[in-house]
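Here is a short note to read beside the model. Take the points in order, and keep the structure in view.

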Amino acid sequence: MEKLSNINNIKNILSRHGFTFSKALGQNFLINPSVCPRMAELSGARAGVGVIEIGPGIGVLTCELARLADKVVSVELDSRLLPVLEETLSEFDNVKIINEDALKVDFNKLIEDEFDGRSVCICANLPYYITSPVIMYLLESKLNAEAITVMVQKEAAQRICALPGSRQSSALTLAVNYYAKAKLLFGVSAGSFMPAPKVDSAVIRLDILKTPPVSVKSEELLFRVIRSAFAQRRKTISNSLSSGLKLEKAAVISALNDALISVSARAEQLTLGDFAKITNVLYDKF
Ligand code: SAM
């Protein structure tokens with residue numbers, strides 16, 4: 001197979017298969033030949049490792065992962081891409097394609113069934129319409145995996161990798177920090193894709209933590225507290241928690257005092273440790 005990342009080869013393959021891009025499925029395919037080898041290398045794909053990919057498209061990243069890892073399992077929702085992938089991945093016998101919605105796949109079962117106890121990495125150029133749901137779905141599944149390396153919109157990458165307690169921090173920053181250590185690896189210009197999206201992208205790596213960095217009495221309550229706090233991020237924490245958690249303002253103020261958190265702080269000023277303290281006090285009080 002001639003080099004897949006060559007734009008003329010990609011156009012030729014797509015036109016032979018009569019393929020048209022679906023905007024709804026976030027189909028922007030990589031055409032910059034330097035991106036996939038770098039991304040695959042940094043994802044941890046290597047001998048002895050199994051890789052899960054989400055959204056292989058025509059297989060540009062899949063090829064690079066298959067060169068490095070023992071086995072790659074790629075989950076693609078668009079069945080029109082199956083015959084394309086059969087052609088583009090024909091030289092590899094270590095790739096399996098699963099035609100499914102990634103948000104419906106039981107990844108714990110997949111890891112158990114497909115990788116014979118190998119260490120597992122996840123690598124994907126994510127469809128942008130489901131960036132946060134996919135990342136949270138993977139993290140909340142508590143997968144026995146080393147790391148999640150994904151291409152996302154540059155703005156989302158900055159938000160996810162922001163320091164909790166900084167201006168760019170968001171509910172997603174805090175949630176990701178509970179499960180993983182996030183690192184921005186490199187930026188990718190909009191012109192690296194066909195069709196070119198309106199915004200630039202970036203590759204991030206989330207190294208999955210063996211144990212969370214804070215201890216909470218209820219994870220569910222922690223995430224409710226975080227979501228409520230950021231739902232009205234311009235309000236003070238006492239106001240946003242009172243309306244988000246449907247609690248009397250006085251009760252919230254008392255809980256914040258017990259947790260030694262300023263009642264006039266804003267969500268973006270708080271660290272994961274602060275949210276854990278608030279959660280544990282609320283858990284005991286209500
Ligand atoms: N990996 C390819 C590349 O880098 O050129 C394609 C990336 S493209 C941004 C996203 C891919 O995800 C598309 O192939 C799209 O069909 C697929 N996709 C969209 N929604 C999906 C879902 N819910 N589950 C699995 N794949 C999905």
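How many residues surround the ligand, and which are the closest?

1. The ligand shell. 24 residues surround the ligand. The closest are Leu30, Gly55, Glu76, Asn125 and Tyr129.

2. How to read the values. This is a predicted model: local features need pLDDT of at least 70, side-chain atom pairs count only at pLDDT 80 or more, and totals for chains, interfaces and linings use all residues. Residues are numbered from 1 along each chain as its sequence is written, and side-chain values use heavy atoms, with hydrogens and water left out.

3. Polar atoms at the ligand. Asn125 places a polar side-chain atom 2.7 Å from an oxygen atom of the ligand. Tyr129 has a polar side-chain atom 2.8 Å from a ligand nitrogen atom. Gly57 takes part through its backbone: a polar atom there is 3.3 Å from a ligand oxygen atom. On its own, the ligand has 600 Å² of accessible area, and the protein covers 99% of that (Shrake-Rupley method, 1.4 Å probe).

4. Classes in the shell. The shell around the ligand has 13 nonpolar, 6 polar and 5 charged residues. Here Ala, Val, Leu, Ile, Met, Phe, Trp, Tyr, Cys and Pro count as nonpolar, Asp, Glu, Lys and Arg as charged, and the others, Gly among them, as polar.

5. Two domains. The protein chain is assigned domain 1 (7–208) and domain 2 (219–285). These bounds come from an automatic or database domain assignment. The C-alpha centres of the two domains lie 34 Å apart. Domain 1 gives 13 residues to the contact and domain 2 gives 12 (heavy atoms within 4.5 Å).

6. Buried area. About 1,100 Å² is buried between domain 1 and domain 2, with 61% from carbon and sulfur atoms. Buried area is the accessible area (1.4 Å probe) that two parts lose on being put together, summed over both. In domain 1, Ala171, Leu174 and Tyr178 lose the most area to domain 2, together 45% of what that side buries.

7. A salt bridge. Which side chains meet in a salt bridge? They are those of Glu219 and Lys142, at 3.0 Å, N to O. The rule asks for a side-chain nitrogen of Lys or Arg within 4 Å of a carboxyl oxygen of Asp or Glu. Across the interface of domain 1 and domain 2, it finds 1 salt bridge.

How values were computed:
A residue is near a molecule or strand if one of its heavy atoms lies within 4 Å of it. A polar contact is a pair of N or O atoms within 3.5 Å; within protein, one must be able to donate a hydrogen and the other to accept it, and residues adjacent in sequence count only if both atoms are side-chain atoms.
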